[in-house]
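Opened a new model today and went through it step by step. Notes below, in the order I looked things up.

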Amino acid sequence: MLVFILTGMFGTVAIDGKSKLYFMEPFTITRYIGIILMIFAVVIRIMVVKQLGPSFNIDIGTLPKQNLQTTKLFSIIRHPAYAAEIVGFMGLVVAFNYALSTLIALILPTIGVLYRLLVEEKYLRTIFGNEYIEYSRRTCRLIPFVF
């Protein structure tokens, strides 16, 4: 997943230096929207980390006697941090405003996030069993009321 994210962040510039020229163009309302999306993503990510508290871990796993988080942001979607990452990548794409960046900075990292999400959900079903299955029935993964 880290490879996908780093490729998304730096791949466009590494593959095609022209992308830097697009980023150096004057800021438009669209570019500001991209920056707002990136800031929104960081804020959501911080909120998730604060909500999880000592349970937060960058690795997939749980701590002994850890409870399944189903309140606040987790009552809306199961993976608010991953959703925020994808929104952040969308912001990067909008800010760069370059076709190649859409492929590299959005699609590749999103594939990595979706793969990790599936691995994590399998793990959570194993650890929390029916509690997680029921939670999954009443919440969407990434996009409220859609997916």
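Predicted model: local features only at pLDDT ≥ 70, side-chain atom pairs only at ≥ 80, totals over all residues.

What share of the 147 residues in the chain is buried? I get 37%.

**Overall layout.** Along the principal axes, the C-alpha atoms fill a box of roughly 50 × 30 × 25 Å.

**α4 against α5.** Next I took helix α4 (residues 80-96) and helix α5 (residues 99-128), which pack at about 175 degrees with axes 9 Å apart. Angles over 145 count as roughly antiparallel, so α4 is roughly antiparallel to α5. On the α4 side I listed Y82, E85, I86, F89, M90, L92, V93 and F96. Their partners in α5 include L106, P109, V113, R116 and E120. Sorted by class, this contact has 12 nonpolar, 3 polar and 3 charged residues.

**T139.** Last stop was the segment after α6 (130-138), where T139 is found. Is T139 buried or exposed? T139 comes out buried, since its relative accessible area is 7% and the cut-off is under 20%. Leaving out residues up to four places away in sequence, I find T139 touching F74, S75, I76 and R78. A polar atom of the T139 side chain also lies 2.8 Å from the backbone oxygen of Y135.

Notes
Residues numbered from 1 in each chain as written. Heavy atoms only, no water. Axes fitted to C-alpha atoms, helices over the stretch in contact; angles between N-to-C directions. Helix = DSSP H or I, 4+ residues; strand = E, 2+ residues; numbered from the N terminus. Parallel < 35°, antiparallel > 145°, perpendicular 65-115°, else oblique. Contact = heavy atoms within 4.5 Å. Nonpolar A, V, L, I, M, F, W, Y, C, P; charged D, E, K, R; others polar. Buried < 20%, exposed > 50% of the residue type's maximum accessible area, 1.4 Å probe, protein only. Polar contact = N/O pair within 3.5 Å; in protein donor to acceptor, adjacent residues only side chain to side chain.
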